[in-house]
Amino acid sequence: KGQVLTQLSCFWFDLLGDVVDNHLISADVADLPEEFQPYADYLRGRFMLVKKADMFPAECIVRGYLAGSGLKEYQREGTVCGIELPRGLVNSSKLPEPIFTPSTKAEIGDHDENISYEQSIVHLEKYFPGKGEEYAAKLRDCTLALYKKCADYALTRGIIIADTKFEFGVVDGRIVLADEALTPDSSRFWPAATYEEGVDQPSFDKQFVRDWLNANWDRTGTPPR
């Protein structure tokens with residue numbers, strides 16, 4: 001798993017570097033600090049040397065298709081994270097335009113909370129006084145620009161990126177893409193060849209685990225082993 005997440009992130013950091021800078025310094029074992037060189041064979045392919053960033057306390061989620069919690073809200077309210085969408089959309093529908101739906105970044109043990117763009121301004125202002133509105137706009141614009149480029153590229157490889165989340169930080173006064181990028185832990189990947197509106201899609205991510213839990217567990221007590 002570590003190799004999958006690391007190599008995918010490295011690939012996307014390289015491809016998306018012209019959209020926004022990222023925190024990656026190197027993933028080459030030759031660049032490991034001396035004290036880690038004895039572990040080079042173990043670490044090869046599964047580590048990144050990165051710049052330490054002052055992370056934004058938000059997950060920058062972008063949705064291009066209707067799925068997951070967004071689908072459930074749309075079926076109830078006609079909205080996704082409070083954003084009104086056209087009537088008549090169904091499971092897995094492509095949205096007219098990708099939408100930015102941020103969430104708070106919860107402490108360990110707590111759940112992230114979906115918030116509106118306006119709420120994200122207030123949320124960021126608490127951590128970066130005087131810069132909430134500026135940072136919220138920059139995070140939104142970076143997120144949508146990254147999604148457009150990665151989604152367009154993935155389609156040339158037969159993959160739909162239904163939604164994904166990015167995390168950003170500040171390094172030397174600049175906003176950079178940090179953490180991971182476009183892995184099965186943070187994205188919904190669908191095979192384009194079998195895409196069909198109105199049904200759940202087969203996926204190259206962890207959705208199959210959620211589906212199994214929904215079918216086999218009432219979400220009370222300890223999860224099934």
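By class, the lining of the second largest pocket has 10 nonpolar, 1 polar and 4 charged residues, where Ala, Val, Leu, Ile, Met, Phe, Trp, Tyr, Cys and Pro count as nonpolar, Asp, Glu, Lys and Arg as charged, and the others, Gly among them, as polar. The model is predicted, so that local features need pLDDT of at least 70 and side-chain atom pairs count only at pLDDT 80 or more, while totals for chains, interfaces and linings use all residues. Residues are numbered from 1 along each chain as its sequence is written, and side-chain values use heavy atoms, with hydrogens and water left out.

**Second largest pocket**

Select Lys94, Pro98, Tyr147, Ala151 and Asp152, which lie nearest the centre of this pocket among its 15 lining residues. A pocket here is an open set of points on a 1 Å grid over the protein atoms alone, with protein on both sides within 12 Å along at least five of seven lines; a cavity is a set of points where a 1.4 Å probe fits but cannot get out, and lining residues have an atom within 4 Å of a point. The volume is about 300 Å³, taken as the space filled by probe spheres set on the points, with grid points joined across faces, edges and corners. Then colour β4, β7 (94–100), α5 and β9, each of which supplies at least two residues of the lining; the largest share, 6 residues, comes from α5. These labels follow DSSP runs numbered from the N terminus, helices being H or I of at least four residues and strands E of at least two.

**Largest pocket**

Next select Gly68, Ser69, Arg188, Gln207 and Arg210, the closest to the centre of the largest pocket out of the 36 residues that line it. Its volume is about 1,300 Å³, and β4, α3 (68–77), β9 (159–171), β11 (187–191) and α6 (207–216) each supply at least two lining residues. This lining divides into 5 nonpolar, 14 polar and 17 charged residues.

**The cavity**

To display its lining, select Ala58, Glu59, Cys60, Phe100, Pro102, Ser120, Leu124, Ala136 and Leu139. Two or more of these residues come from each of β4 (58–65), α4 (117–127) and α5 (132–156), and β4 gives the most, with 3 residues. By class, the lining has 7 nonpolar, 1 polar and 1 charged residues.

**α4 against α5**

Now show α4 and α5 as helices, whose axes come within 8 Å and cross at roughly 125 degrees; axes are lines fitted to C-alpha atoms, for helices over the stretch in contact, and angles run from 0 to 180 degrees between N-to-C directions. The two helices are therefore oblique to each other, given that angles under 35 degrees count as roughly parallel, over 145 as roughly antiparallel, 65 to 115 as roughly perpendicular and the rest as oblique. For the contact (heavy atoms within 4.5 Å), select Tyr117, Ser120, Ile121, Leu124 and Glu125 in α4, which meet Gly132, Glu133, Tyr135, Ala136, Ala137, Leu139 and Arg140 in α5. The residues of this contact divide into 7 nonpolar, 2 polar and 3 charged.

**α1 against α5**

Finally, move to helix α1 (residues 2–15), whose axis comes within 11 Å of that of α5 and crosses it at roughly 115 degrees, which makes α1 roughly perpendicular to α5. Select Phe11, Trp12 and Leu15 in α1, which meet Lys149, Cys150 and Tyr153 in α5; the residues of this contact divide into 5 nonpolar, no polar and 1 charged.
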